[in-house]
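User: Could you walk me through a structure that is new to me?

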Amino acid sequence: MTTETAEIKESGHLQSEPPHEHVVSYKKLVAVWIALLFLTVTTVLVTRVELGVWKVWAALAIACLKSGLVIAIFMHMKYEPRLFRIILFVALVTLAIFIGLTFFDVLYR
């Protein structure tokens, strides 16, 4: 009798579940790839339009969308437990705060 079988008999359920594999369809991967290409073209077009200070903010917003797609789909964060997603969100917000503070430092020199 294996340890897993003993755990199932004692508690009625398996204590440690094996990791789940998430297979993303090629259709979804291609759709995300096309969206990333579109957003890249949009970023290039934004740099050619005179928006003043908003040019940087627009480029950062588009970069956030692109990184969100990559993290959610290609890194499978969409399928991870809620705690992992919250930790990633907190880390990214902290990074955004530091980048924002750096912009203010450079802006007022």
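Analyst: What follows is a short tour, from the overall layout down to single residues, and please keep in mind throughout that this is a predicted model.

User: How many helices and strands does the protein chain have?

Analyst: The protein chain has four helices and zero strands, and read from the N terminus on, its elements run α-α-α-α.

User: And how much of the protein chain counts as buried?

Analyst: Of its 109 residues, 10% count as buried. The accessible surface of the protein chain comes to about 9200 Å², and 72% of that belongs to carbon and sulfur atoms. Among the contacts between residues at least 6 apart in sequence, 50% join residues at least 24 apart.

User: Let's take α2, then. Which of its residues are buried?

Analyst: The buried residues of α2 are Val32, Leu36, Leu39, Thr43 and Val46, and what covers them includes α3. As for the helix itself, its 23 residues should span 33 Å at 1.5 Å a residue, and this agrees with its end C-alpha atoms, which are 33 Å apart.

User: Why does Thr43 count as buried?

Analyst: Thr43 has a relative accessible area of 18%, and it counts as buried because the cut-off for that word is under 20%. Thr43 has its place in helix α2 and, leaving aside its neighbours within four places in sequence, it is in contact with Ile62 and Lys66.

User: What about α3, which residues are buried there?

Analyst: In α3, Ile62, Ile71 and Ile73 are buried, and what covers the buried residues of this helix includes α2 and α4. The 21 residues of α3 should span 30 Å at 1.5 Å a residue, while its end C-alpha atoms are 29 Å apart, which agrees.

User: Which residues does Leu69 touch, neighbours within four places aside?

Analyst: Leu69, which lies in helix α3, is in contact with Val32, Ala35, Leu36, Leu39 and Phe74 once its neighbours within four places in sequence are left aside. With Val32 it is separated by 37 residues in sequence, but by 7.1 Å in space, C-alpha to C-alpha. Leu69 itself is partly exposed, with a relative accessible area of 26%.

User: Switching to the surface, which residues form the nonpolar patch?

Analyst: The patch is formed by Val49, Leu51, Val53, Trp54, Val56, Trp57, Leu60, Leu92, Leu95, Ile99 and Phe103, which together have about 1000 Å² of accessible area. Helices α3 (54–74) and α4 (82–107) each supply at least two residues of this patch.

User: How many aromatic pairs does the structure hold?

Analyst: The structure holds one aromatic pair. Trp57 and Phe103 form it in an edge-to-face arrangement, with 6.0 Å centre to centre and 65° between the planes. Trp57 lies in helix α3 and Phe103 in helix α4, so the pair ties together parts that are 46 residues apart in sequence.

User: How accessible are Trp57 and Phe103?

Analyst: Trp57 is partly exposed with a relative accessible area of 41%, and Phe103 is also partly exposed, with a value of 35%. Both residues belong to the nonpolar patch described above.

User: How far apart are the C-alpha atoms of Val23 and His76?

Analyst: The C-alpha atoms of Val23 and His76 are separated by 9.3 Å, although the two residues are 53 apart along the chain. Val23 is found in another loop, the one between α1 (3–11) and α2.

User: Is Val23 buried or exposed?

Analyst: Val23 counts as exposed, at 76% relative accessibility, because the cut-off for exposed is over 50%.

Technical notes
Residues are numbered from 1 along each chain as its sequence is written. This is a predicted model: local features need pLDDT of at least 70, side-chain atom pairs count only at pLDDT 80 or more; totals for chains, interfaces and linings use all residues. Side-chain values use heavy atoms; hydrogens and water are left out. Patches are made of residues with over 30% relative accessible area and no salt bridge: like charges are joined within 9 Å, nonpolar side chains (Val, Leu, Ile, Met, Phe, Trp, Tyr) within 5 Å. Accessible areas come from the Shrake-Rupley method with a 1.4 Å probe; for residues, only the protein chains shown count as cover. A salt bridge is a side-chain nitrogen of Lys or Arg within 4 Å of a carboxyl oxygen of Asp or Glu. The expected span of a helix is 1.5 Å times one less than its number of residues. Buried means under 20% relative accessible area, exposed over 50%, partly exposed in between (1.4 Å probe, protein chains only). Contact means heavy atoms within 4.5 Å. Rings of Phe, Tyr and Trp (its six-membered ring) pair if their centres lie within 6.5 Å; planes under 30 degrees apart count as stacked, over 60 as edge-to-face and the rest as tilted.
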